[in-house]
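Colleague: I am new to reading structures. Could you take me through this one?

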Amino acid sequence: PPAHAPAADPLPAPPCRSELQILSLESNNFNGDLPPTLGQCAALQELRLSQNRFGGSIPVQLGACGALRVLQLDSNMMAGELPEQVAGCSQLRELSLSKNKFCGEIPAALGKCTKLQRLDMTRNQFKGEIPDELGQCVEMMELGLGINQFTGEVPGAFGAFTKLRRLNMMSLPKLSVSKKVKRAIRVAAPTAKCDWPRLKEA
C-alpha cells in the first residue's frame, strides 16, 4: 500500500519509560486493545486515539498517568465500564468517550477530577444514576451524557457548573429533571446551551 495509507494494526507498546508527553494517533485504523503499559507513561499529558478501531476496555493502569490532561477515545469500538482508577488522573481536563459501547455506571470517583472541563459520554450504553459527585467538577464547560440509559434524576449538584457552555442530555427517556434543578442550572450558567428536549420533569 502507499506510504500514506492509514495504519491497520494493533497499537504497539509505546516507549513509556521515556519522557513521552503527547501520543496523537487519531483518524487511523489501529485496532486491538490498548496496551496496559500506557500506565507507565508518567509524563504523558495527551492521549488522542479517537476515530480508530480500538476494542477492549480502558486499562485500569491509565489511572497511574497523573499528568494526563486529555484523553480522547471517541469513535472506536471499545466497551466495558469506566474504571474508577481514572480518578488518579487528577489533572484531566478532557475526557471524550462518545460513540463506543461503554456500559455500567459513572464512577463517583470521577468527581475527584475537579479540573475536568469537557466530558463527553454520548452515544454509549452507560446506565444507572448520575452521581452527585460529578458536581465537584466545577470547571465543567461542556458535558455530554445524551443517548445512554441513565435513570433517576439530574443531580442538583449540576447547579455548581457556573462555567457551563453546553449540556447535552438528549434521548434519555429514563431520566428526569426537577424544575428546581433546571432553574439552578440556568441561573448558574445563563448562556449555556442545554439540549434536553425529551427529559421528563420530576
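Modeller: Start with a definition: a salt bridge is a side-chain nitrogen of Lys or Arg within 4 Å of a carboxyl oxygen of Asp or Glu. This is a predicted model, where local features need pLDDT of at least 70, side-chain atom pairs count only at pLDDT 80 or more, and totals for chains, interfaces and linings use all residues. Residues are numbered from 1 along each chain as its sequence is written, and side-chain values use heavy atoms, leaving out hydrogens and water.

Colleague: How many salt bridges does the rule give?

Modeller: Apply the 4 Å limit between those nitrogens and oxygens. The count is 7.

Colleague: What is the N to O distance in the salt bridge of E94 and R118?

Modeller: E94 sits in strand β7 (residues 94–96) and R118 in strand β9 (residues 118–120), so the pair ties together parts 24 residues apart in sequence. Strands here are DSSP runs of E, at least two residues long, numbered from the N terminus. The side chains of E94 and R118 meet at 3.0 Å.

Colleague: Is E94 buried or exposed?

Modeller: Buried means under 20% relative accessible area, exposed over 50%, partly exposed in between (1.4 Å probe, protein chains only). E94 has 15%. So E94 is buried.

Colleague: Which residues does the salt-bridge network join?

Modeller: R118 also bridges D120, with the closest N and O atoms 3.8 Å apart. E142 meets R118 too, at 3.2 Å. Shared partners make one network of E94, R118, D120 and E142.

Colleague: What is the strand order of the open sheet?

Modeller: Two strands pair if DSSP finds at least two bridges between them. The open sheet has 6 strands with parallel pairing. Its edge strands, each pairing on one side only, are β6 (79–81) and β16 (200–201). The order is β6-β8-β10-β12-β14-β16.

Colleague: Which residue in β12 is the bridge partner of G128?

Modeller: Strand β10 (residues 125–129) runs parallel to β12, and 3 bridges join them. In β12, the partner of G128 is F150.

Colleague: What is the phi of Q51?

Modeller: Most residues other than glycine have a negative phi. Q51 lies in the loop between β3 (46–48) and β4 (53–54). Q51 is not a glycine, yet its phi is positive, about 55°.

Colleague: Where is S171?

Modeller: S171 is not a glycine either, and has a positive phi of about 55°. At 37% relative accessible area, S171 is partly exposed. Its place is the loop between β13 (166–168) and β14 (175–177).

Key
Helices (H or I, at least four residues) and strands (E, at least two) are DSSP runs, numbered from the N terminus.
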